Amino acid sequence: MRPLRAFLAVAVALGLAPGTVWRSDVRPIDPGAAIVFTPADIAPDARRQGPLLLTGAWALSSMSRGLGGYSALIARSDGSLLAASDAGGLLAIERPGTRAMEARFLAITGSAERDKRDADAEAMAHDPASGRIWAAYEGSNAIEALTPDLAPISRVEPAAMADWRSNSGPESFARLADGRFVAIAEVVRAGETFNRGVVFPDDPTAGAKGEEFRFAAPEGFRPVDMTQVPSGEVMVLLRRIEWAIPPRFVNAIVRLDPAGLEPGTVWRPEEMLSLPRGMPNDNFEGIAATGPADGKAGGESILWLISDDNFSAFQRSLLVRIVYSGPAQTREKAPGSSERPLRSR
């Protein structure tokens, strides 16, 4: 049985990650190809899980080979979403969640000449005031600043991230409202207890130096992206893989207080949130926040999640919309809440 299990594990891994096994160059895209959003059915009694309310899910499809592999997501000031693929492509989603929702392929200026190491954007950050965008690259442990029109400004490989493993680098990355930038490695290094993290007092591409901290992920989970909701909490998207054919993915979200993020310390989640049961199962790797959902200051926020299909026949590219009620809106616990003590390493 052991040889069979080993064979199945390798087969599934290859099926999940053709981009890293079979392709070294950035794939070309058809910028004019149509992208279709197909709504997913959600059982009414499976929408709510504690402070999370699932309000929409869509499967993306296109005849273009450029669709897929989305592992990063940001919300822009105009209400649109921007997703980045680990194959080097970008996807702009206009009017997300509405009947008029549509998407188009984009690309960073000059990205067609890059190899995968310099195009594997696993996370992004955004400044709503200037429109500037930052991309974090897993293969090179680099951070790049971009204009709102996606032209490169500057790119750095921070010294504090220099020894992060090339396939488990800055998987989670965000610019906080106070101007700090945060990056968290996906994998815990052998012999260590927590995920490595780096916090920058300002823009790392403008010379700000990072300082290390540690992130305490719940047991069995890896951090895959992060965002800050308008009410101030930092939300880190987590993932665990249950190996089978096809594989099953388990996602969750942890809520953290940005005031607890300090160099030289362990940043520990305050609460772990299970996703609603009605969520379609897939490899969700990108998260972004907009809101308030009711249009009022202090109201509920909207969380957007996008899945990375790894260009695999086992998986899909999915966009999900979740309304999040922060602590101020959930002083009385909602039915089905998942609040519980966390088991961190």
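Biologist: What should I keep in mind about numbering and confidence before we start?

Modeller: Residues are numbered from 1 along each chain as its sequence is written, and side-chain values use heavy atoms, with hydrogens and water left out. The model is predicted, so local features need pLDDT of at least 70 and side-chain atom pairs count only at pLDDT 80 or more, while totals for chains, interfaces and linings use all residues.

Biologist: How many helices and strands does the protein chain have?

Modeller: There are 2 helices and 23 strands, where helices (H or I, at least four residues) and strands (E, at least two) are DSSP runs numbered from the N terminus.

Biologist: Why is R255 called buried?

Modeller: Buried means under 20% relative accessible area, exposed over 50%, and partly exposed in between, with a 1.4 Å probe and protein chains only. R255, which sits in strand β18 (residues 248–256), has a relative accessible area of 10% and is therefore buried. By that criterion 55% of the 345 residues of the protein chain count as buried.

Biologist: What makes T193 partly exposed?

Modeller: T193, in the loop between β13 (181–185) and β14 (195–200), has a relative accessible area of 41%, and therefore it is partly exposed. Its C-alpha is 9.4 Å from that of F215, although T193 and F215 are 22 residues apart in sequence.

Biologist: How do you know that the side chains of R255 and E271 make a polar contact?

Modeller: A polar contact is a pair of N or O atoms within 3.5 Å; within protein, one must be able to donate a hydrogen and the other to accept it, and residues adjacent in sequence count only if both atoms are side-chain atoms. The side chains of R255 and E271 make such a contact at 2.8 Å.

Biologist: Which side chain makes a polar contact with that of R196?

Modeller: The side chain of D163 does, at 3.0 Å. R196 lies in strand β14 and is buried because its relative accessible area is 12%. Beyond four places in sequence, the residues touched by R196 include D163, W164, A183 and F213.

Biologist: What about S64: is it buried or exposed?

Modeller: S64 has a relative accessible area of 8%, so it is buried, and its place is in the loop between β3 and β4. A polar atom of the S64 side chain lies 3.0 Å from the backbone nitrogen of G66.

Biologist: What makes a set of residues a nonpolar core?

Modeller: The term covers buried Ala, Val, Leu, Ile, Met, Phe, Trp, Tyr and Cys residues joined through side-chain atoms within 4.5 Å. The largest such core has 22 residues, and those with the most contacts inside it are M235, I253, M279, L303, L305, V320 and I322. Two or more residues each come from β3 (52–62), β17 (234–242), β21, β22 (301–307) and β23 (317–324). A second, separate core of 21 residues includes I35, F37, L81 and L91.

Biologist: How much space lies in the second largest pocket, and which residues are closest to its centre?

Modeller: The second largest pocket has about 510 Å³ of space, and of its 27 lining residues H126, P128, T227, Q228 and A289 are the closest to the centre. Strand β21 supplies the largest share of that lining, 4 residues.

Note on methods
1 Å grid on protein atoms, 1.4 Å probe; cavity = no way out; pocket = protein on both sides within 12 Å on 5 of 7 lines; lining within 4 Å. Points joined across faces, edges and corners; volume = space filled by probe spheres on them. Contact = heavy atoms within 4.5 Å.
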